[in-house]
Amino acid sequence: MTAPKSVAIIGGKTGIFGLSLAIALRDKNYEVTVFDRSQYDANGYDPASDDVQAASADHNKIFRASYGKEIHYQRLAFESRKAWVAEDEKRGFSEHGNGSDDRIFIDSGMLRIQPSDHLATLEKETLANMERDGLRNTQFVKSDPADSQRAEKLGWKEKILDFQIPGSPGRSYETVLDSTAGFIRCSHACAHYQKVAADKGVKFYLGPEGAIDSLVKLKSSLSPGQEKVTGLKTKSGIIHDADVVVVAAGSFSTQILPELSYHLESSAGSLATFKIDRSNTALWEKYSPERFPVMTWKSVPRDNSGKDTGSIYVLPRTPEGLVKIGYRGIKWTNFQPAPENTPFTQNGKWSVPLPVEECSVIPEAAIYSIKQFVSIFLPEFDGTPFFSTKLCWYTDSLDNSFVIDNVPTFSENSVFVCTGGSGHGAKFLPVLGQHAADILEKGDQSSSFMREFWRWRPDAPRRNGLEEGPDGPRNISHI
């Protein structure tokens with residue numbers, strides 16, 4: 001490149017995707033400007049701030065490389081893990097050292113609790129891929145004597161917890177401890193990388209001056225019948241020119257770029273927290289990252305179509321004492337009338353996030369599932385009122401893979417999308433942008449091994465719940 005290209009990234013609620021790509025493009029000498037309607041430079045991605053709605057603005061997110069048959073995501077996760085550890089080391093924290101309150105990546109381990117007393121199909125697929133990549137020794141199956149012995153030798157034994165199956169005397173859930181897993185302090189990570197981006201020369205328009213009204217388009221001189229995007233207009237009426245406009249707006253992406261309406265759908269997971277007072281030293285210690293692993297449970301196996309309806313998880317307490325539980329067995333939609341000329345709708349509707357002030361109440365089905373989980377796996381909190389509840393809005397793709405590609409309906413590669421996290425994007429922050437930037441630059445000649453999985457895919461069938469539409473059982477506007 002003889003001169004840097006200018007790239008405008010629309011964050012909507014800038015988090016993982018926008019920050020990661022901004023840094024990677026700046027490292028390639030692009031002029032990068034990020035637009036976001038949230039005042040993240042002032043609120044530090046605090047999940048409790050009034051104007052924060054991005055899924056990325058959260059106390060913690062699970063880090064895992066367990067992906068069943070999807071070995072490409074397993075490998076991307078380990079690439080990212082290495083980068084998380086290196087970033088913490090640059091900040092003066094070793095992977096296994098003290099100071100977990102200040103580290104971004106916490107290697108607490110993750111206990112994958114099975115639906116029954118034997119390994120489920122997904123778990124067998126994960127273990128096979130771990131073995132394929134020479135990583136089986138990092139996984140500890142509770143019922144395997146050799147694994148148990150190895151866990152004791154390596155100091156992981158106390159995190160292989162045993163839980164009785166209700167109503168089945170003498171039977172306990174099978175579990176697998178993953179010693180490579182843990183969690184990232186997500187809001188902390190976003191605030192850190194936002195500063196990294198700014199220090200590298202990325203320009204930010206945050207708050208009211210970063211709120212986007214529309215893309216600026218003109219007829220293409222190179223592709224008759226198509227439009228080229230030349231920049232964007234903010235709600236204050238200011239036009240910002242750019243050679244490439246990137247939409248990385250999470251669950252707000254379709255509202256900014258309706259051409260994404262076939263590919264993506266906004267959906268909400270359900271979160272609940274308990275709060276431990278520091279004076280309760282027994283609970284404070286038990287649920288600390290040093291003693292308590294991330295735990296995930298499939299309350300029921302996947303059905304014949306591969307659909308998961310039973311996922312629920314819990315993370316170790318935060319430095320503030322919050323124990324977060326997430327229910328994703330059902331991710332809720334909110335179907336509302338779509339604007340005219342939206343390329344794809346279902347009965348004239350599409351799902352969009354609820355206003356932030358309406359996101360503090362979760363559906364009864366989620367409450368029931370969380371309470372069931374608590375009664376089995378967190379007995380100290382059984383019957384305790386939640387400290388908080390919240391709907392967390394994700395951006396589901398039609399196949400659970402991200403959408404990172406040029407938008408073919410616009411000419412001259414003037415619009416690029418980097419979104420579709422589907423509830424598992426946060427762990428990839430340090431490396432996702434590098435892959436995305438390579439795709440933006442090179443398209444089909446990209447060297448990224450994720451290229452084929454992230455491409456624009458209009459011929460792929462709508463699955464992953466996106467086929468249900470406004471009459472489906474997940475539509476929260478009917479509840």
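Me: Helices (H or I, at least four residues) and strands (E, at least two) are DSSP runs, numbered from the N terminus. In which helix is Thr254 found?
Reply: This is a predicted model, in which local features need pLDDT of at least 70 and side-chain atom pairs count only at pLDDT 80 or more, while totals for chains, interfaces and linings use all residues. Residues are numbered from 1 along each chain as its sequence is written, and side-chain values use heavy atoms, with hydrogens and water left out. The run of residues 253–256 includes Thr254 and is helix α7.

Me: Is Thr254 buried or exposed?
Reply: Buried means under 20% relative accessible area, exposed over 50%, and partly exposed in between (1.4 Å probe, protein chains only). Beyond the residues up to four places away in sequence, Thr254 touches Leu260, Ser261, Leu264 and Trp350 (contact means heavy atoms within 4.5 Å). Because its relative accessibility is 4%, Thr254 counts as buried.

Me: Where is Thr333 placed, and what is its relative accessibility?
Reply: Thr333 sits in the loop between β17 (322–332) and β18 (335–337). With neighbours within four places in sequence set aside, its contacts are Glu265, Ser266, Ser351, Trp393, Arg474, Asn475, Ile476 and Ser477. Thr333 counts as buried because its relative accessibility is 2%.

Me: How many salt bridges are counted between domain 1 and domain 2?
Reply: The domain bounds come from an automatic or database domain assignment, which gives domain 1 as 6–59 + 186–263 + 398–478 and domain 2 as 107–184 + 265–396. A salt bridge is a side-chain nitrogen of Lys or Arg within 4 Å of a carboxyl oxygen of Asp or Glu. Glu265 forms such a pair with Arg474, with 3.1 Å between the closest N and O atoms. Between domain 1 and domain 2 the count is 2.

Me: What area do domain 1 and domain 2 bury between them?
Reply: The centres of the two domains, taken over C-alpha atoms, are 27 Å apart. The contact takes 41 residues from domain 1 and 39 residues from domain 2. Buried area is the accessible area (1.4 Å probe) that two parts lose on being put together, summed over both. Carbon and sulfur atoms carry 55% of the buried area between domain 1 and domain 2, which is about 3200 Å².

Me: What phi does Asn347 have, and is the residue buried or exposed?
Reply: Asn347 lies in the loop between β18 and β19 (349–351). Although it is not a glycine, its phi is positive, about 55°. Because its relative accessible area is 61%, Asn347 is exposed.

Me: Is Ser422 buried or exposed?
Reply: The loop between β22 (415–419) and α10 (429–442) holds Ser422. Ser422 is not a glycine, yet it has a positive phi of about 55°. At 0% relative accessibility, Ser422 counts as buried.

Me: How far apart in space are Asp117 and Ile239?
Reply: Asp117 is in the loop between β5 (110–113) and α4 (121–132) and is partly exposed, with a relative accessible area of 33%. Apart from neighbours within four places in sequence, its contacts are Ile165, Arg171, Ser172, Tyr173 and Glu174. Asp117 and Ile239 are 122 residues apart in sequence, and from C-alpha to C-alpha the separation in space is 60 Å.

Me: Which residue meets Arg75 in a salt bridge?
Reply: The structure holds 27 salt bridges. In one of them the N to O distance is 2.8 Å, and the side chain of Arg75 meets that of Asp133. The pair links distant parts of the chain, 58 residues apart, with Arg75 in helix α3 (residues 71–90) and Asp133 in the loop between α4 and β6 (139–141).

Me: How many residues separate Asp162 and Lys142?
Reply: The side chains of Asp162 and Lys142 meet in a salt bridge of 2.6 Å, N to O. Asp162 is in the loop between α5 (145–154) and β7 (175–178), Lys142 is in the loop between β6 and α5, and the number of residues separating them is 20.
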